[in-house]
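This report covers the nonpolar cores and a few selected residues of one protein model. Please keep the sequence and the structure open while reading.

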Amino acid sequence: MKTILVLNGPNLNLLGTREPAVYGAQTLADVKVLCEQACATHGLKLDFRQTNHEGLMVDWLQEAGAAQAAGTLVGAVVNAGAYTHTSVALHDAIKGAGLTVIELHISNVHAREAFRHHSCIAPVAKAVMAGFGVAGYGLAISALAAMA
Ligand code: CA2
């Protein structure tokens, strides 16, 4: 059974505690359950992670690239949070690892502040999803499953 990595970046541990108008009321634990159900539907295993640390995201992306190359991982759904808009390190990690990534945002970043319109990750992502709320995680997993 192959695995899908769902990787969440900074502040996403706060999901459901503040800004419900932007991010909804569901917690990250709720999102994990949603992802587990989506993976189970497609006969896939889930590896669900969150960190506030950019370097740890780089480490995990490198490991995921190696797992994909070894045939045990389909790819990754990555919500890099604010690092999306700033991190050349994440861009380089995804590119260097040869990892299949779906960039995901809960909110429609293009309907928000201008600084959220640029993504360092989009050029090295297979696809980009934004604005579907947390339901986007399930949609992204289905899209990756179709590539398994
Ligand atoms: O819409 C998304 O998923 C974002 O990736 C979320 C990031 C933001 O910096 C991106 O521009 C768009 C922020 C995640 C912070 O999440 C919070 C949730 C509840 C309370 C506080 C922060």
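The text below describes the cores, then individual residues.

This is a predicted model, in which local features need pLDDT of at least 70, side-chain atom pairs count only at pLDDT 80 or more, and totals for chains, interfaces and linings use all residues. Residues are numbered from 1 along each chain as its sequence is written, and side-chain values use heavy atoms, with hydrogens and water left out.

**Cores**

A nonpolar core is a set of buried Ala, Val, Leu, Ile, Met, Phe, Trp, Tyr and Cys residues joined through side-chain atoms within 4.5 Å. Buried means under 20% relative accessible area, exposed means over 50%, and partly exposed lies in between (1.4 Å probe, protein chains only). Helices (H or I, at least four residues) and strands (E, at least two) are DSSP runs, numbered from the N terminus.

The largest nonpolar core has 24 residues, and Ile-4, Val-6, Val-31, Val-77, Tyr-137 and Ile-141 have the most contacts inside it. Two or more residues each come from strands E1 (3-8), E3 (73-79) and E4 (101-105) and from helices H2 (28-41) and H5 (135-145). H2 gives the largest share of this core, six residues. Another core, of 20 residues, lies apart from it and includes Ala-76, Leu-90, Ile-121 and Val-124.

**Contacts of single residues**

Contact means heavy atoms within 4.5 Å. The partners below leave aside neighbours within four places in sequence.

| Residue | Contact partners |
|---|---|
| Val-31 | Leu-15, Phe-48, Val-134, Tyr-137 |
| Ser-107 | Val-22, Tyr-23, Arg-112, Ala-130, Gly-131 |
| Leu-90 | Glu-54, Met-57, Val-58, Leu-61, Ala-80, Tyr-83, Ile-121 |

Leu-90 is found in helix H4 (residues 88-97) and counts as buried because its relative accessibility is 1%. Leu-90 and Leu-44 are 46 residues apart in sequence, and their C-alpha atoms are 25 Å apart in space.

Ser-107 is placed in the loop between E4 and strand E5 (127-130). With 8% relative accessibility, Ser-107 also counts as buried. Its side chain makes a polar contact of 2.9 Å with the side chain of Arg-112. A polar contact is a pair of N or O atoms within 3.5 Å; within protein, one must be able to donate a hydrogen and the other to accept it, and residues adjacent in sequence count only if both atoms are side-chain atoms.

**Positive phi**

The loop between E1 and helix H1 (20-23) holds Asn-11, whose phi is near 75°, a positive value in a residue other than glycine. Glu-19 lies in the loop between E1 and H1, with a positive phi near 50°. Glu-19 counts as partly exposed because its relative accessibility is 45%.
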